[in-house]
Amino acid sequence: MRSELKIEEAKNSDHASVVALLEKTELPPDEIELHMENFLVIRHPESDRGPELLVGSVGLEIYEDSALLRSLAVHPDFQGNGFGTRLVDRIIEVAKGKDITRLFLLTDTAEDFFKKRGFVIVTRDKVPHDMKQSIEFTTLCTSSPSMMREI
Ligand SMILES: CC(C)(COP(=O)(O)OP(=O)(O)OC[C@H]1O[C@@H](n2cnc3c(N)ncnc32)[C@H](O)[C@@H]1OP(=O)(O)O)[C@@H](O)C(=O)NCCC(=O)NCCS
């Protein structure tokens with residue numbers, strides 16, 4: 001059944017579910033409401049029973065031809081089943097469709113996960129100016145390593 005769970009575009013009404021998942025996985029939910037149109041989710045078939053049943057999420061904040069990949073989260077009960085990898089693969093396809101050429105991210109918790117998926121550590125001077133004004137760079141993840149992948 002787990003392999004049948006589908007990745008879907010998020011709706012604005014998924015906001016509370018994504019926040020609940022991010023809190024469960026200890027990621028910051030700040031300002032995701034501004035970017036829900038660029039979020040993907042994996043819904044549990046029984047998600048009408050409660051927001052905690054969202055299986056996965058990932059989103060993009062777009063800054064011209066670059067994007068910040070954020071909020072990659074898989075519910076602890078579902079980790080280790082390839083959902084994180086599928087979400088990254090799919091959000092890269094979404095980004096390509098929006099003429100994004102470079103993906104950035106900030107992570108304290110999954111550096112090796114992203115290295116295996118082609119991201120490299122970059123210094124913050126490589127990050128586009130507008131992205132550096134985002135809440136992640138200015139407030140939430142000020143000391144996290146930044147990573148980048150050309151797509
Ligand atoms: C990181 C995360 C999204 C991975 O999701 P997942 O569905 O478990 O990932 P997959 O099943 O696709 O894992 C694939 C591989 O990555 C490894 N992996 C998983 N989480 C990892 C982590 N935090 N760091 C390093 N490697 C990790 C798995 O061991 C697996 O390795 P293998 O291919 O050698 O067996 C998930 O662990 C998570 O939600 N973590 C908490 C939130 C987080 O840290 N998000 C990233 C911050 S932007």
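Trainee: Which residues have the most contacts inside the largest nonpolar core?
Mentor: Val 18, Leu 69, Ile 91, Leu 103 and Leu 105 do, in a core of 36 residues. Keep in mind that this is a predicted model.

Trainee: Which helices and strands supply at least two residues of this core?
Mentor: Helix H1 (15–24) and helix H2 do, and so do strands E2 (39–43), E3 (54–63), E4 and E5.

Trainee: Back to Leu 105. What does Leu 105 touch?
Mentor: Leaving out residues up to four places away in sequence, Leu 105 touches Leu 68, Leu 69, Arg 70, Phe 114, Phe 119 and Met 147. One of these, Met 147 in E7, also stands opposite Leu 105.

Trainee: How many residues of E5 are buried?
Mentor: Four of the five, which leaves the strand mostly covered.

Trainee: And E4 with E5, do they pair in the parallel or antiparallel sense?
Mentor: Parallel, over three bridges. Ser 66 stands opposite Arg 102 in E5. Between the two strands, the chain passes through H2, and this β-α-β crossover is right-handed.

Trainee: What about E5 and E7, how many bridges join them?
Mentor: Five, between residues 102–106 of E5 and residues 146–150 of E7, and these strands run antiparallel. Arg 102 turns up again here, with Glu 150 as its bridge partner in E7.

Trainee: Which way does E6 pair with E7, parallel or antiparallel?
Mentor: Strand E6, residues 120–122, pairs with E7 in the antiparallel sense, over three bridges. Within that pairing, Ile 121 has Met 147 as its bridge partner in E7. Met 147 is the residue that stands opposite Leu 105 as well.

Trainee: Where do side chains point in a regular strand?
Mentor: They alternate between the two faces of the sheet.

Trainee: New topic, the ligand. Which residues come nearest?
Mentor: There are 18 residues around the ligand, and Gln 79, Gly 84, Thr 85, Thr 109 and Ala 110 come nearest.

Trainee: Which elements supply at least two residues of that shell?
Mentor: Strand E4 (66–74), helix H2 (83–97) and helix H3 (111–115) each do. E4 and H2 are also among the elements that each supply at least two residues of the core.

Trainee: How many of the shell residues are nonpolar, polar or charged?
Mentor: Eight are nonpolar, nine are polar and one is charged.

Key:
Residues numbered from 1 in each chain as written. Predicted model: local features only at pLDDT ≥ 70, side-chain atom pairs only at ≥ 80, totals over all residues. Near = placed C-beta within 6 Å. Nonpolar A, V, L, I, M, F, W, Y, C, P; charged D, E, K, R; others polar. Pairing = 2+ DSSP bridges. Core = buried A, V, L, I, M, F, W, Y, C linked by C-beta atoms within 7 Å. Buried ≥ 20, exposed ≤ 12 C-beta atoms within 10 Å, placed from the backbone. Contact = placed C-beta atoms within 7 Å. Right-handed = clockwise from strand over helix to strand, strands pointing away.
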